Amino acid sequence: VLITGATKGLGEALAVKFASLGHTLVGCGRSAAAVESLRKQLPAPHRFDAIDGSGWLGMTSHSLKSSLT
């Protein structure tokens, strides 16, 4: 199960629930400290990484503007 925003709120609750049901998780969050905490709470086979989505958002915005002109 892939979960974005897995370190807070609903994403974290879903990660814990899916793991308790036996699913393997891949998730990400923006805070490296929060990701590390989740890694300790839900160790392998689950995988969590910290990401910086600002570059992706900028690229998406540029792509949208280009396609509209």
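Select Glu36 and Arg39 to start: their side chains meet in a salt bridge, N to O at 3.2 Å. A salt bridge here is a side-chain nitrogen of Lys or Arg within 4 Å of a carboxyl oxygen of Asp or Glu. This is a predicted model, where local features need pLDDT of at least 70, side-chain atom pairs count only at pLDDT 80 or more, and totals for chains, interfaces and linings use all residues. Residues are numbered from 1 along each chain as its sequence is written, and side-chain values use heavy atoms, with hydrogens and water left out.

**Stop 1: the charged network**

Show helix 2, residues 32-41. Helices (H or I, at least four residues) and strands (E, at least two) are DSSP runs, numbered from the N terminus. Glu36 and Arg39 both sit in helix 2, three residues apart, about one turn of the helix. An α-helix has 3.6 residues a turn, so residues three or four places apart point the same way.

Glu36 is partly exposed, at 34% relative accessibility. Arg39 is partly exposed too, with a relative accessible area of 33%. The cut-offs: buried is under 20% relative accessible area, exposed is over 50%, and partly exposed lies in between (1.4 Å probe, protein chains only).

Asp49 has a relative accessible area of 28%, which is partly exposed.

A salt bridge joins Arg47 to Asp49, with the closest N and O atoms 3.0 Å apart. Shared partners link Glu36, Arg39, Arg47 and Asp49 into one network. How many salt bridges does the structure hold? Three.

**Stop 2: the nonpolar core**

Select Ile3, Ala6, Ala15, Ala19, Leu25, Val35, Leu38, Leu42 and Phe48. These nine residues make up the largest nonpolar core. Such a core is a set of buried Ala, Val, Leu, Ile, Met, Phe, Trp, Tyr and Cys residues joined through side-chain atoms within 4.5 Å. Helix 1 (9-20) and helix 2 each supply at least two residues of this core.

Centre on Leu25. Beyond its neighbours within four places in sequence, Leu25 is in contact (heavy atoms within 4.5 Å) with residues including Val1, Phe18, His46 and Arg47.

**Stop 3: helix 1**

Follow helix 1 from end to end. Its twelve residues reach 17 Å from first C-alpha to last, close to the 16 Å expected at 1.5 Å a residue; the expected span is 1.5 Å times one less than the number of residues.

Highlight Gly11, Ala15 and Ala19, which are buried. They cover an arc of only 65° around the axis, so they lie on the same side of helix 1. That arc is taken from the directions from the helix axis to the C-beta atoms. Strand 1 (2-4) is included in what covers the buried residues. Turn to the face away from the buried side: Gly9, Leu10 and Ser20 are exposed there.

Just after helix 1, pick Gly22, with a positive phi of about 95°.

**Last stop: Thr7**

Thr7 is in the loop between strand 1 and helix 1. Is Thr7 buried or exposed? Buried, at 13% relative accessibility.
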